[in-house]
Amino acid sequence: MTTSPGPLATSVLHEGAGTPILLLHGFPLDHRMWAAAAGALPEGVRAIGVDLPGQGHSDLGGMAPRLEDVADAVYRTMREQGEGNAVVVGLSMGGYVALALAERHPGFVVGLGLVDTKSTADLEAARANRLRIAAAVTAEQTLDPVLSMPGTLLGSTSTQQRRHLYPQLESWIRSQSPSGVAWAQRAMAARPDRTDVLRSFDGPVAVVVGAEDQVTPLVEAEHMVHAARDGALTVVPATGHMSPVEDPATVAAALALLHRRVSERTSRPRWPWQTRPASSV
């Protein structure tokens with residue numbers, strides 16, 4: 001039997017009103033990776049960062065390693081805080097959770113931001129590597145197997161020209177718990193392909209990818225844009241898998257546009273015969 005954690009830890013990263021942008025972080029990090037991008041959002045756009053279970057300041061409880069349960073925990077936390085809906089944005093692992101949220105709680109998600117992530121499941125080799133890392137972290141109770149990740153997460157330009165980002169990412173990783181890191185790896189390894197969620201999602205979708213992202217490269221981003229009913233692609237120059245950390249302003253501009261697209265849709269008059277907002281095409 002598994003038990004769910006209590007409310008997840010949240011932080012207001014940008015003050016504002018109305019429908020918030022809900023920011024879900026990547027692995028093995030927490031909400032702090034979104035701080036710079038959230039700070040670059042336009043005045044009045046509210047942004048909330050969440051620490052996913054076992055990461056940052058959020059407890060893991062007795063949860064089984066399932067991203068579906070993570071999505072449910074995020075939803076419960078937001079509803080308990082009085083949020084009726086949100087523009088849900090996730091990077092990497094956060095993107096996997098965002099898609100699970102759209103699948104399980106479609107009325108809550110009014111816009112999707114998928115940043116340096118993918119809708120497909122892991123190939124067998126990647127799945128096996130996740131489980132290997134999880135086993136090593138659990139057996140040794142150390143973060144050593146993931147401490148070298150900044151070199152993979154950052155693009156080549158950042159490695160050469162934004163050298164301060166490597167120790168910043170390493171510091172964030174060091175602050176995580178081995179149990180949370182192992183749990184997240186097992187949860188990601190078990191996730192299914194959720195491309196069909198994009199095909200059925202009725203709201204705007206912003207897909208953002210670093211031009212130098214080698215973890216979830218451009219081909220994965222293009223796959224998601226083509227699947228989405230109303231998708232827009234932003235390729236962020238000279239960045240890798242951590243585009244919101246490497247170029248916060250460009251990512252913030254893409255998220256601000258997504259938020260505006262959602263606002264424009266919800267402000268349109270709906271006639272009785274319309275089942276969804278009229279297309280602008």
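Pro 28 lies in the loop between strand S2 (16–24) and helix H1 (35–39). Helices (H or I, at least four residues) and strands (E, at least two) are DSSP runs, numbered from the N terminus. The peptide bond from Phe 27 to Pro 28 is cis, with omega near -5°. This is a predicted model: local features need pLDDT of at least 70, side-chain atom pairs count only at pLDDT 80 or more, and totals for chains, interfaces and linings use all residues. Residues are numbered from 1 along each chain as its sequence is written, and side-chain values use heavy atoms, with hydrogens and water left out.

**Overall build**

- The protein has 12 helices and seven strands.
- The C-alpha atoms fill a box of roughly 60 × 50 × 35 Å along the principal axes.
- Of the contacts with a separation of 6 or more, 80% join residues 24 or more positions apart. Contact means heavy atoms within 4.5 Å.

**Surface and charge**

- Of the 281 residues, 54% count as buried. Buried means under 20% relative accessible area, exposed over 50%, and partly exposed in between (1.4 Å probe, protein chains only).
- The accessible surface comes to about 12000 Å², and 52% of it belongs to carbon and sulfur atoms. Areas come from the Shrake-Rupley method with a 1.4 Å probe; for residues, only the protein chains shown count as cover.
- The mean positions of the 24 positive and 28 negative charges are 4 Å apart. Lys and Arg count as positive, Asp and Glu as negative; His and the chain ends are not counted. Each charge is placed at NZ of Lys, CZ of Arg, CG of Asp or CD of Glu.

**Nonpolar core**

- The largest nonpolar core has 86 residues. Helix H3 (residues 93–104) supplies the largest share, eight residues. Such a core is a set of buried Ala, Val, Leu, Ile, Met, Phe, Trp, Tyr and Cys residues joined through side-chain atoms within 4.5 Å.
- Leu 22, Leu 24, Trp 34, Val 74 and Leu 112 have the most contacts inside the core.
- Beyond four places in sequence, Leu 112 is in contact with residues including Val 88, Ala 98, Leu 198, Phe 201 and Leu 258.

**Backbone exceptions**

- Most residues other than glycine have a negative phi, and most peptide bonds are trans.
- Ser 92 has a positive phi of about 55°. Ser 92 sits in the loop between strand S4 (86–91) and H3 and is buried, at 8% relative accessible area.
- Ala 238 also has a positive phi, about 60°. Ala 238 sits in the loop between strand S7 (231–236) and helix H11 (243–246) and is partly exposed, at 25%.

- Leu 153 is in helix H5 and is buried, at 3% relative accessibility. Beyond four places in sequence, Leu 153 contacts Phe 27, Gly 240, His 241, Met 242 and Glu 246.
- Leu 154 is in the loop between helix H5 (150–153) and helix H6 (156–161). Leu 154 is buried, at 6%. Its contacts beyond four places include Leu 165, Tyr 166, Leu 169, Gly 240 and Met 242.
- The C-alpha atoms of Leu 154 and Thr 19 are separated by 31 Å.
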